[in-house]
Amino acid sequence: MTATGRRDVDGVEPDPLADTPAAPRRSLMARLDAIEGLPILLVFVIVLVVFMVLAPGTFLGHRIYKSLLITAPPLLIVGLGLTLVIAAGEIDLSFPSVIALSGFVFAACYRFDNVPYLAFLADGLEGEALQAMKFRMAWLGMVLAVAVGGLIGYVNGLLIARIGIPSIIATLATQFLWRGVAVVVAAGLSYSLRGVKDSAVWQVTSGRLFDWFPMQAVWSLLIAVALWFVLNRHRFGEALLFIGDNQQVARVMGIDVAKEKIRLFTLMGLLGGVSGVFLTAENITFYTNQGQGFLLLVIAAVFIGGTSIFGGSGTIVGTVFGTLIVLVVQSGIVAAGVQGFWNDVVIGLIFIAAVVFHLVVERPERFKGLVFAPRG
Amino acid sequence: MKTTATTLGVIVAATSMLALAPAPTVAQEMLGDGMTVYVQMGGNPGGPATLPRANGAKDAARHLGAELIEQYSGWLPDVMVRQFREAVAAGPACIVIMGHPGNDAFADLVDEARADGIIVTSNNTPLSEIYDSHVGGGFGYAGVDLYTGGYVTAQNMLKAGLAEGDQALVYGLLGQAERGLSTRGLKEGLEEGGVVVDYLEISPEVNNDTSLVVPILVAYLESNPDLKAIGTQHGGVTGQLPRALELAGKAPGDIITGGIDLAPSTIDGLQDGYTSVVLDQQLYLQGFLPVMQCVLTGKYGFSGLFTNTGAGVVTPETIGELVPLIESGIR
Amino acid sequence: MRVAQDTGAAPAVRMENIGKRYGNVVALKNIDLEIGGNEIVGLIGDNGAGKSTLIKILTGVEAPTSGRMYVRGKPVDFADYSVRKAHELGVETVYQESSLGDKQPLWRNFFVGRNLTNRWGFIKVKEQKRIARQVLMGAIGFRGAGLDVDATVGRLSGGERQGVAIGRAMHFDADLIVLDEPTVALAVMEVRKVLDFIADIKQSGRACLYIEHTLAQVHQLADRLLIMDRGEIVRIYRQGEVSLDELTNYMLALHGDQEAAA
């Protein structure tokens, strides 16, 4: 059996190197096209320049960029997960609640002496010893928080892949369920994590590298790079792409669609847990309604970034810039002095413009349909 | 002699004419010139508990010559923290925050802002620790003394006709860091009067969109027919009480209700008699006074002022004169 | 009915008394067939005759309710048989919609479901692209079309798509390639290409089972013709045993019987 797939029917081995054409040389345009995220990077630069003009006090200074590096990571991390989910043709609306429940787990472990069912661990400990125990519990809290996220994701996966509930319905329901659970176990209270800044956990997750660069940004960048490789270079990522493209095809080509979907939602849950830890650590407080404001921002970020709602493709680079764009627009509109009432109008228009832009790039014929009336 | 008299007369006449002539108009310098103020408004633009505050802030800014930047967070504390960071990044003269996220979330951020020379002050929900640290630098508070506000509401509900042993529902936010104090004041005020209190916590969904509260309250009313009173310190919920009572088949006056803030639906409630007692936070002042604080501290370095804006209640008797102001979003 | 093979080698597939019911509905019964190691077998029959069901059982998508099957002489355990297993045993299928992901590039489509990976599951992209290029450009002859392996499948014509699917099947050392109505909705030029690909399959020493509605094509190409009607194989013709007209009349008569019976 030779590499070209031809059997040596006549007993003569065909020359393996003959018949192999060289890879065609690509034009500059084709090569630019192939660079992922170039269009959205341009959009990001344009948006920044616009706000530098409209609100120079803010955008020509350095603080806003540091602020972005701190506030973007929790959004970006779930956005990256959502990119994979949408590429697979599904959606996950439950991540805000994962952020809440995992945030609670993290906070509760740190404040274990205040939590009724964990307080017994504090017996006999006081002062520094208690604080040291709290720091240890914080590590445990971080691990448990991510694990809880993963568990929620796994349950989502079972509902969607084994029972067959469409993902939009399943995750809408679990969004309510887990938020409710978070409020119940927290007894409706917010938990302050006073003193956590001195812990190693905090330094690792939210400390400042070289005294200014936020660690969350480092971690989320690493996660972005890792997920890029998973989506574009790993068997799992390819399975997701094919599932999103055409589930039937994926199935007949031997992909275990159900198993991969369960893995996908579990991964999304884990990422939600990570996001919850970062958010809670940076705010030094757990709020029962934390993450609630994330739902639409993250979805907008993913689509503005260029991932197609139709599934079958996803851009990690796009989501990174999409998240930054969404945050820059949010703060930029305010800084530029747009009246509060107009805030949402402007954001909505930008969202529509960005999505239309991507559709036009994806399918230029559609643009002709918009501009020229069809004949006949 | 005649010339001296004439000269003196002319001088006197000229002087008095100068004195009586209108002063020439020179362009007035406004106290807030060149100052940008970021204000956390709380909910969503135009929302009932947010609009008067925004109007107060806008009026203050306009009359003091400062530039106002509005921030809306949908009452979500983690969004408020994020917006504070964005405000600091813009390097304004002053930032007005609300206390919902709590002292711990804000402490370091306020320190950073102060180090950058930004004035910070607060409204609506107090941040006692930050207040104590930064009052000298202009950190003030314009809002209800939360516990007192709840307590006063309770007192007035008792006065409106509650007796010992009566059943009451308190629907509030005991959970939130300092915001829960108002609910606590209400609850304890009622309990001191001998009323039996059942407590229900407001869910995040209802907190964000209070129209969702109606079915919850109707269900509660129908399963508790002996209920004599409902109390809350949530503005949006107060506005929904009249409709809930009506849908549950109650006549005005059957249930003594106590609430807060004067949304248009609350006016109707007071006029119909469904609403008995409303604590008026005077939200307009919660927008106006902090902006004024910003400008005065910025210009002259005054320290922070603590103003209790929730001094009294509005009842069906006193609502009449306030109606036009409420409808235009001032009260 | 069984026709003996003359090659002497084990047949690619042998089915013994295969049957399939869905509840009370009998989709297949008494299916006995053999497909030799190097022949093109055409499978024809009206809609509802059971052709698709037969294919599904053959390729691991569904399990039969009775009967046995042997691939390359070895018995198949239906509890264990799946598409992946079928691939391992050398049975590949090319579907009507040609089982390709339209939005994905050629090189991914080529290796989907059986990537060349390193220990951690990461795809050896360069190698996959090289092989895909070799096979598709070289063996299948896409050279002239100005395509490259990074092009998405959506850009290909119908015939080219079938070519990719067939080329893929051949590369993966399939002994038996099953084609489910591969020329449906294709333009004439494209149909020609597909028929050439099918001829290629035989030339490369493999077997092919080919479902087709257009009698002219399959009559010309197939070594043997299996005719199905109402879940059974009713007739088997060899190449040359029947003319196109006779075949057409036979099919019409079958159809007429069906209508008469209805």
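1. C:Glu16 is buried, at 18% relative accessibility; here buried means under 20% relative accessible area, exposed over 50% and partly exposed in between, with a 1.4 Å probe and protein chains only. C:Glu16 also forms a salt bridge with C:Arg68, with the closest N and O atoms 2.9 Å apart. That pair links distant parts of the chain, from strand 1 (residues 13-22) to strand 4 (residues 66-71) of chain C, 52 residues apart. A salt bridge is a side-chain nitrogen of Lys or Arg within 4 Å of a carboxyl oxygen of Asp or Glu; helices (H or I, at least four residues) and strands (E, at least two) are DSSP runs, numbered from the N terminus.

2. A word on conventions before going on. This is a predicted model, in which local features need pLDDT of at least 70 and side-chain atom pairs count only at pLDDT 80 or more, while totals for chains, interfaces and linings use all residues. Residues are numbered from 1 along each chain as its sequence is written, chains are lettered from A and ligands numbered from 1 in the order in which they are written, and side-chain values use heavy atoms, with hydrogens and water left out.

3. C:Asp223 sits in the loop between helix 7 (215-221) and strand 9 (224-229), and C:Lys202 in helix 6 (residues 188-203), 21 residues apart. C:Lys202 is partly exposed, at 31%.

4. Now to confidence in chain A. Its mean pLDDT is 85, and 87% of its residues reach 70 or more; pLDDT is the predictor's confidence in each residue, from 0 to 100. Please take care with residues 1-22 of chain A, where pLDDT stays under 50. Where pLDDT is low, the predicted coordinates should not be read in detail.

5. Chain A has 16 helices and 4 strands, and 52% of its 376 residues are buried. For helix 6 (residues 127-162), 36 residues at 1.5 Å a residue should span 52 Å, and the end C-alpha atoms are 50 Å apart, which agrees; the expected span is 1.5 Å times one less than the number of residues. Just after helix 6, A:Gly164 takes a positive phi of about 90°.

6. One salt bridge joins A:Arg63 and B:Asp116 (2.8 Å, N to O). A:Arg63 lies in helix 4 of chain A and B:Asp116 in the loop between helix 4 (103-115) and strand 4 (119-123) of chain B, so the pair joins two chains. A:Arg63 is partly exposed at 31%, and B:Asp116 is partly exposed at 35%.

7. Finally, two backbone angles. A:Phe210 has a positive phi of about 50° although it is not a glycine, and A:Phe210 is exposed at 70%. B:Asp261, also not a glycine, has a positive phi of about 70°, but B:Asp261 is buried at 5%.

Technical notes
Contact means heavy atoms within 4.5 Å.
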